[in-house]
Amino acid sequence: MSTSSVTVTGMTCDHCVSSVTEEISELPGVTAVNVDLASGKVVIDSITDLDPGAVASAVEEAGYSVAG
């Protein structure tokens with residue numbers, strides 16, 4: 001089990017949270033996604049280490065971007 005986190009910018013509502021959660025959840029190996037709207041922090045649990053580029057692409061697919 002692996003846990004990683006990223007900060008997502010541009011989210012303003014629960015729909016944003018749902019979109020980001022849905023896209024990241026589709027990545028292979030992801031078992032849970034927890035998004036904190038106020039801080040933009042997204043904690044991702046997975047069965048393997050995730051490629052940061054794949055996470056960033058999933059976030060961009062949802063219409064947002066990863067900070068940093």
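Me: What covers the buried residues of α2?

Reply: The cover includes β1 (2-9), α1 (14-25), β3 (41-46) and β4 (65-66). Keep in mind that this is a predicted model.

Me: Which residues of α2 are buried?

Reply: Helix α2 spans residues 52-61, and its buried residues are V55, A56, A58 and V59. They lie on the same side of α2, because the arc they cover around the axis is only 160°.

Me: Why do residues three or four places apart in an α-helix point the same way?

Reply: An α-helix has 3.6 residues a turn, so residues with that spacing point the same way. In this helix, V55, A56, A58 and V59 are the buried ones, while E60 and E61 are exposed on the other side of α2.

Me: What is found at the start of α2, and what follows the helix?

Reply: At the start, a side-chain oxygen of D51 comes to within 3.0 Å of the backbone nitrogen of G53. After α2 comes G63, with a positive phi near 105°.

Me: How should I read the strands? Which way does β1 run relative to β3, parallel or antiparallel?

Reply: As a general idea, side chains in a regular strand alternate between the two faces of the sheet. Here β1 and β3 run antiparallel and are joined by six bridges. S2 is opposite S46 in β3. β1 also pairs with β4, again in the antiparallel sense, over two bridges. In that pairing, T9 stands opposite S65 in β4.

Me: In what order do the elements run from the N terminus on?

Reply: The order is β-α-β-β-α-β, which comes to two helices and four strands.

Me: How does the radius of gyration agree with that of a compact globule?

Reply: A compact globule with 68 residues would have a radius of gyration near 11 Å, and the protein has 11 Å, so the two agree. The C-alpha trace spans about 30 × 20 × 20 Å along its principal axes. Of the 68 residues, 37% count as buried.

Me: What share of the contacts comes from residues 24 or more positions apart?

Reply: Among contacts with a separation of 6 or more, such residues account for 59%.

Me: Which residues does UniProt list for the HMA domain?

Reply: The unreviewed UniProt entry lists residues 2-67 under "domain: HMA". Over residues 2-67, the chain of this model is 33% helix and 33% strand. The end C-alpha atoms of that stretch are 21 Å apart.

Key
Residues are numbered from 1 along each chain as its sequence is written. This is a predicted model: local features need pLDDT of at least 70, side-chain atom pairs count only at pLDDT 80 or more; totals for chains, interfaces and linings use all residues. Side-chain values use heavy atoms; hydrogens and water are left out. UniProt positions are given in the numbering used here, feature names are shortened, and annotations may be inferred rather than shown by experiment. Buried means under 20% relative accessible area, exposed over 50%, partly exposed in between (1.4 Å probe, protein chains only). The arc is that of the directions from the helix axis to the C-beta atoms. Contact means heavy atoms within 4.5 Å. A polar contact is a pair of N or O atoms within 3.5 Å; within protein, one must be able to donate a hydrogen and the other to accept it, and residues adjacent in sequence count only if both atoms are side-chain atoms. Two strands pair if DSSP finds at least two bridges between them. The radius of gyration is taken over C-alpha atoms; the globule rule is 2.2 Å times the number of residues to the power 0.38.
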